[in-house]
Amino acid sequence: INKSLITAARIVPHQVAIVKLSKTQLRVLESISEGEEVTASQIAERLDLSVSWASSLLRKLYEKCYLKRSSIRREAGGVEFTYVVFFKPPYRGTGR
């Protein structure tokens, strides 16, 4: 880890959670190709997650400004969100 990042984290520790990603959030980002528009259902199927968990992960990534979000009105009622990668962190590898 870069020394300046550690210093910054000590100065504003409450901000670290905004940019820090979990392993599952990283998996979600890595599963989306550049320019690809995805839904929670597609991510759930791709990563073997429940749709509700995929939806939560996508929403959190959107809130952290990693994804752009658009909404689509469904014919059957309700709204479905689609997401596109806005910023993809450099690959760090998981060591697996």
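Glu-36 has a relative accessibility of 22% and counts as partly exposed, a class that lies between buried (under 20% relative accessible area) and exposed (over 50%), as judged with a 1.4 Å probe and protein chains only. The model is predicted, with local features requiring pLDDT of at least 70 and side-chain atom pairs counting only at pLDDT 80 or more, while totals for chains, interfaces and linings use all residues. Residues are numbered from 1 along each chain as its sequence is written, and side-chain values use heavy atoms, with hydrogens and water left out.

Glu-36 pairs with Arg-46 in a salt bridge whose closest N and O atoms are 2.7 Å apart; the term stands for a side-chain nitrogen of Lys or Arg within 4 Å of a carboxyl oxygen of Asp or Glu. This pair links distant parts of the chain, ten residues apart: Glu-36 sits in the loop between α3 (23–31) and β1 (37–38), and Arg-46 belongs to helix α4 (residues 40–47). Side chains of opposite charge can pair when their charged atoms come close.

A search of the whole structure finds two salt bridges. In the other, Arg-59 is joined to Glu-63, with 3.3 Å between the closest N and O atoms. Both residues lie in helix α5 (residues 51–63), four residues apart, or about one turn of the helix. Arg-59 is partly exposed as well, at 33% relative accessibility.

These helices belong to a protein of five helices and three strands. Helices here are DSSP runs of H or I with at least four residues, and strands are runs of E with at least two, numbered from the N terminus. Read from the N terminus on, the elements follow the order α-α-α-β-α-α-β-β. Of the 96 residues, 25% count as buried. The protein exposes about 7,100 Å², of which carbon and sulfur atoms supply 53%; this area comes from the Shrake-Rupley method with a 1.4 Å probe. Among contacts between residues at least 6 apart in sequence, 44% join residues at least 24 apart, where a contact means heavy atoms within 4.5 Å.

The axes of α3 and α4 come within 11 Å and cross at roughly 105 degrees, with axes being lines fitted to C-alpha atoms over the stretch in contact and angles running from 0 to 180 degrees between N-to-C directions. The two helices are therefore roughly perpendicular to each other, the description used for angles of 65 to 115 degrees. On the α3 side the contact is made by Arg-27, Val-28 and Ser-31, and on the α4 side by Ile-43, Arg-46 and Leu-47.

Elsewhere in helix α3 lies Gln-25, which counts as buried at 6% relative accessibility. Leaving aside neighbours within four places in sequence, Gln-25 is in contact with Lys-20, Leu-57, Lys-60, Leu-61 and Lys-64.

Two loop residues complete the picture. Asp-48, in the loop between α4 and α5, has a phi near 55 degrees, a positive value in a residue other than glycine. Asp-48 is exposed, with a relative accessible area of 71%. Cys-65, in the loop between α5 and β2 (67–73), likewise has a positive phi, near 70 degrees.

Methods
Parallel < 35°, antiparallel > 145°, perpendicular 65-115°, else oblique.
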